[in-house]
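Dear colleague,

I am handing over the structure we spoke about, with the sequence alongside.

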Amino acid sequence: MKRYLHLYLYFLQFSFSKAMEFRIDFTFRILMDIIYYAVNILLFKTLFLHTSMIAGWTGEQMMVFVGCYLLVDAINMTVFSTNMWWLPAYINKGELDYYLIRPVNPLFFLSLREFSANSFVNLITAVAFFIYSLSNYTGAYDWMQLLGLLVLLVNGALVYYTLHMMMIIPVFWTHSSRGFIDLFYSLGLAMERPDKIFKGWLRVVFTMIVPLTVLASFPARAFLEGFTFDVLLHITLVTVGAWSLMLFLWKQGLKNYSSASS
């Protein structure tokens with residue numbers, strides 16, 4: 001574990017040094033993310049000019065939810081996103097060998113090597129808005145509830161990573177340039193909506209099959225409405241299932257991988 005920590009600290013140092021070499025790109029990406037945050041916040045602010053409740057939540061409750069999914073998104077953009085972008089190219093060009101022969105877990109190396117320094121600035125912004133949304137929430141909560149929410153959001157970010165990976169792993173067989181990433185980004189909009197707006201088969205899809213509502217909406221609902229056994233059990237089962245399926249598909253994909261030297 002200590003070796004992996006030292007390795008990750010090296011990843012951080014390298015990523016920040018690299019980001020400073022391309023300052024225009026660094027600044028541009030920060031501005032893009034800030035615009036994304038502003039659009040999402042203003043969307044719900046505008047909706048609440050015309051209604052007092054959406055999916056059973058008031059305006060201040062919805063802002064807590066918005067803070068939750070912006071935080072989950074920021075964690076993924078900062079920690080995993082750049083690595084996910086390059087993975088299909090490594091697979092198609094047979095360049096995974098460099099990572100597979102390393103004396104560390106290749107999934108760790110491939111998933112965490114590139115830390116997005118520009119997104120880290122926006123992660124700070126997301127944290128600030130999350131704190132702001134909680135400070136404006138008039139409902140009662142204690143530190144244990146807040147800790148529970150933070151744990152569920154970190155878990156949500158990790159589940160997001162597994163879903164993202166499962167949309168890339170098919171590249172081992174299809175040899176496409178992006179796998180099913182475009183489909184994933186389209187479905188990813190479901191993370192930005194309260195789970196209670198989905199009914200029927202859509203609810204089954206977004207809570208169980210592609211469980212994007214589990215990432216932020218379920219944690220927010222647990223915090224706002226109470227940590228019930230049913231919600232926590234659902235999150236636990238989805239988490240275990242997502243990780244198990246992703247690791248299984250990753251191992252199967254490696255069996256089908258053709259290196260540059262083969």
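A salt bridge is counted here when a side-chain nitrogen of Lys or Arg comes within 4 Å of a carboxyl oxygen of Asp or Glu. Please keep in mind that this is a predicted model.

By that criterion Lys196 forms a salt bridge with Glu225, their closest N and O atoms lying 3.4 Å apart. Because Lys196 sits in the loop between α10 and α11 while Glu225 belongs to helix α12, this pair ties together parts that are 29 residues apart in sequence. Both ends have some accessibility: Lys196 is partly exposed, with a relative accessible area of 33%, and Glu225 is partly exposed too, with a value of 41%.

In total, the structure holds four salt bridges. Another of them joins the side chains of Arg221 and Asp195, with an N to O distance of 2.9 Å. Here Arg221 lies in helix α12 (residues 217-225) and Asp195 in the loop between α10 and α11 (200-209), so the pair ties together parts that are 26 residues apart in sequence. Arg221 is buried, and Asp195 is buried as well, which means that each has a relative accessible area under 20%. Salt bridges with shared partners also join Asp195, Arg203 and Arg221 into one network.

A further salt bridge brings together the side chains of Arg178 and Asp182, again with an N to O distance of 2.9 Å. Arg178 counts as partly exposed at 24% relative accessibility, and Asp182 is likewise partly exposed, with a relative accessible area of 48%.

Turning to the backbone, I would draw your attention to two residues. Ala55 has a positive phi of about 55° although it is not a glycine, and Ala55 is placed in the loop between α2 (23-47) and α3 (59-79). With a relative accessible area of 22%, Ala55 is partly exposed. His175, which is not a glycine either, also has a positive phi of about 55°, and His175 is found in the loop between α9 (171-174) and α10 (181-187).

Terms used:
Residues are numbered from 1 along each chain as its sequence is written. This is a predicted model: local features need pLDDT of at least 70, side-chain atom pairs count only at pLDDT 80 or more; totals for chains, interfaces and linings use all residues. Side-chain values use heavy atoms; hydrogens and water are left out. Helices (H or I, at least four residues) and strands (E, at least two) are DSSP runs, numbered from the N terminus. Buried means under 20% relative accessible area, exposed over 50%, partly exposed in between (1.4 Å probe, protein chains only).
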